[in-house]
Amino acid sequence: MRWLRSARWALLSAFFLVQSAAVVADDCTGPQLLFEVAESSGIEFFHDRGATGGKYNPETMGSGVAWLDYDGDGWLDAYLVQSGPFPPDRSAGAANRLFRNLGDGRFEDVTTRSGSGDTGYGQGVVAADFDGDGFTDLYLANYGGDRLLVNRGDGTFEDRTRDAGLGADGWSSSAALADVDRDGDLDLYVARYVEHDPAAEPFCANPDTGERWYCDPSVFEGASDLLYRNLGHGKFEDATQASGLGGADGKGMGVLMVDLNGDRWVDIYVANDMTWNFLFVNRGDGTFEDSSLLSGAAVSREGMPEAGMGVAAGDVDGDGDADLAVTNYDVQTNTLYRNDGDFRFEDASAGSGFGVPSFNMVGFGLALADFDRDGHLDAYVANGHTVETPSRANVFYRQPDLLLLGNGRGGFTSEPCRLPPEGPTVSRGIATADYDSDGDADMAVQRSGGALALLRNQADVGSWLGLQLSGRGANTGGVGARAELVTDRGSQVRWALAGDSYQSSSDPRFLFGLAAGTSVKQLLVDWPGGRRQLLPAPELGRYYHLVEPE
């Protein structure tokens, strides 16, 4: 039967190559949109994956990036996660870096004076106000022990991991926050990968050469994810078992927390590597129901688990609810799950154009944003293989990233010539941010074993509207809020998230793009606590700052 499987693979590969060529053709609909400006901005960061020849699996995972206004000056700063030597030794070269936004397109390295340079073997990061004091803190998902860096409010950070009751050992990948019990503060979910001991690394062989190779995730046992409930005053307790999540050991890579059915209770979605993805439905009583398989968002259309990496949520088809997108390994294609309501999702990857361009690629970071300001959500996908010498034909270690422009009805078209004209890379975590506050979505891209890319968006069409939220309680950033912009061409919906993509944390503000000639009727904000706020006929081309009503 081996010849039959080989023949099927050859036919399938040929089919997707033809389809990919059609979708990824260089007949773009517009000029270059994103421009590489890392060097001119002053951001100098080179990721060290710690590759020593031992082929330890953590070396393949890369790291994430977070955007936050750590000093309260109104400009978003960039926090870059470093991995470092492996096995980890907490040397100075493993330190994460914080770059302060000077407000003129340039950044300065403030790692040392801010005290934010954690030296763990870094994986993911999420930025949010953990203790409700109005200052954005950082949670670092590490291999070998997580860290909570609390913002003192004076431009410096303090390690309060132990005092907070956080800091699980093992291999954490990504993290996200939301108010899962609606008590007014943010709870924390940590996605963890596998049980791994570098001293007992199994020997896995390259099928072509017989040399040591990175092992398949199936070789390892999955590590259990964790849910921490916020007790207030900077304290957390492990609520994993009490909330019904004790069996969440699916080799987690990406996680987001968002209300998927409009009942104002935050649900949890986790992308897992070669096991089915998790969808945990919030019952509203402090517990969750595992609706993964029943929802349709756990496996592919063919009923197979895939190698889930990055995740994103957004209303890509204009019906007002949050659709889900996941990046996967090569020959699987990335997956778009269309939200049909009542926790029912349909795999729309093939017909939408979202999946086909990714067939020969390994996707990691994923972002949904309106990059071209036409009023429709687009997708940016960070690609790069996990092994230096892939065994499949037409699959390479260094791969181009993807920019997929959306049509607002759930369809996507790949537009490669609107990206910077650089060669293929090995991309991992990505996060969007309007770091120059000019009304379009810029991008930071972490490269495994390479230099960070800062992609400045120079969209020169349409208009925009931005929104920053300030909550009155401990949830000072309004995480979990839903904003709806009503126009004469339909509505756009956004959700305030803390943590998504792959190991990363994006701009906390809402940003809406508007095609030329669009008339705005009103902006509605539903706060996590249940209050609704209306902004009639807002002026375009500016950010509004809304404070939660009493």
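1. A polar contact is a pair of N or O atoms within 3.5 Å; within protein, one atom must be able to donate a hydrogen and the other to accept it, and residues adjacent in sequence count only if both atoms are side-chain atoms.

2. The model is predicted: local features need pLDDT of at least 70, side-chain atom pairs count only at pLDDT 80 or more, and totals for chains, interfaces and linings use all residues. Residues are numbered from 1 along each chain as its sequence is written, and side-chain values use heavy atoms, with hydrogens and water left out.

3. Where does Gln 399 lie? It is placed in the loop between strand E25 (378-383) and strand E26 (402-406); helices (H or I, at least four residues) and strands (E, at least two) are DSSP runs, numbered from the N terminus. Gln 399 is buried, with a relative accessible area of 3%. Here buried means under 20% relative accessible area, exposed over 50%, and partly exposed in between (1.4 Å probe, protein chains only). Residues up to four places away in sequence aside, Gln 399 touches Asn 360, Met 361, Val 362, Asn 383, Gly 384, His 385, Pro 424 and Thr 425, where contact means heavy atoms within 4.5 Å.

4. How many disulfides does the model contain? The count is 1 disulfide, the term standing for a pair of cysteine sulfur atoms within 2.5 Å. Cys 204 and Cys 215 form this bond, with their sulfur atoms 2.0 Å apart. The torsion about their S-S bond is about 100°, so the disulfide is right-handed. Cys 204 belongs to strand E12 (residues 204-205) and Cys 215 to the loop between strand E13 (212-213) and strand E14 (226-232), so the pair ties together parts that are 11 residues apart in sequence. Cys 204 is buried at a relative accessible area of 14%, and Cys 215 is buried at 5%.

5. Ser 174 is part of strand E10 (residues 172-178). Is Ser 174 buried or exposed? Its relative accessibility is 3%, so Ser 174 counts as buried. The side chain of Ser 174 reaches the backbone oxygen of Met 253 at 2.5 Å. Beyond four places in sequence, the residues that Ser 174 touches include Ala 141, Tyr 189, Met 253, Tyr 502 and Gln 503.

6. Ala 271 is found in strand E17 (residues 267-272) and counts as buried, with 0% relative accessibility. Among its contacts, leaving aside neighbours within four places in sequence, are Lys 251, Met 253, Asn 277, Met 309 and Val 326. The C-alpha atoms of Ala 271 and Asp 238 are separated by 21 Å, the two residues being 33 residues apart along the chain.

7. Val 520 lies in strand E35 (residues 520-526) and is buried, with a relative accessible area of 13%. Val 520 and Arg 489 are 31 residues apart in sequence, and their C-alpha atoms are 8.8 Å apart in space. Apart from neighbours within four places in sequence, Val 520 is in contact with Leu 485, Val 486, Thr 487, Leu 514, Ala 537, Pro 538 and Leu 540.

8. Rolling a probe the size of a water molecule over the atoms shows where empty space is left. On a 1 Å grid over the protein atoms alone, a cavity is a set of points where a 1.4 Å probe fits but cannot get out, and a pocket is an open set with protein on both sides within 12 Å along at least five of seven lines; lining residues have an atom within 4 Å of a point. Grid points are joined across faces, edges and corners, and a volume is the space filled by probe spheres set on the points.

9. There is 1 cavity of 30 Å³ or more. The largest cavity holds about 520 Å³ of space. Its lining has 33 residues, of which Leu 368, Thr 432, Arg 494, Asp 507 and Arg 509 lie nearest its centre. The lining of the largest cavity divides into 18 nonpolar, 7 polar and 8 charged residues; Ala, Val, Leu, Ile, Met, Phe, Trp, Tyr, Cys and Pro count as nonpolar, Asp, Glu, Lys and Arg as charged, and the others, Gly among them, as polar.

10. The second largest pocket has about 690 Å³ of space. Which strand gives the most to its lining? That strand is E31, with 3 residues. By class, the lining of the second largest pocket has 15 nonpolar, 14 polar and 4 charged residues.
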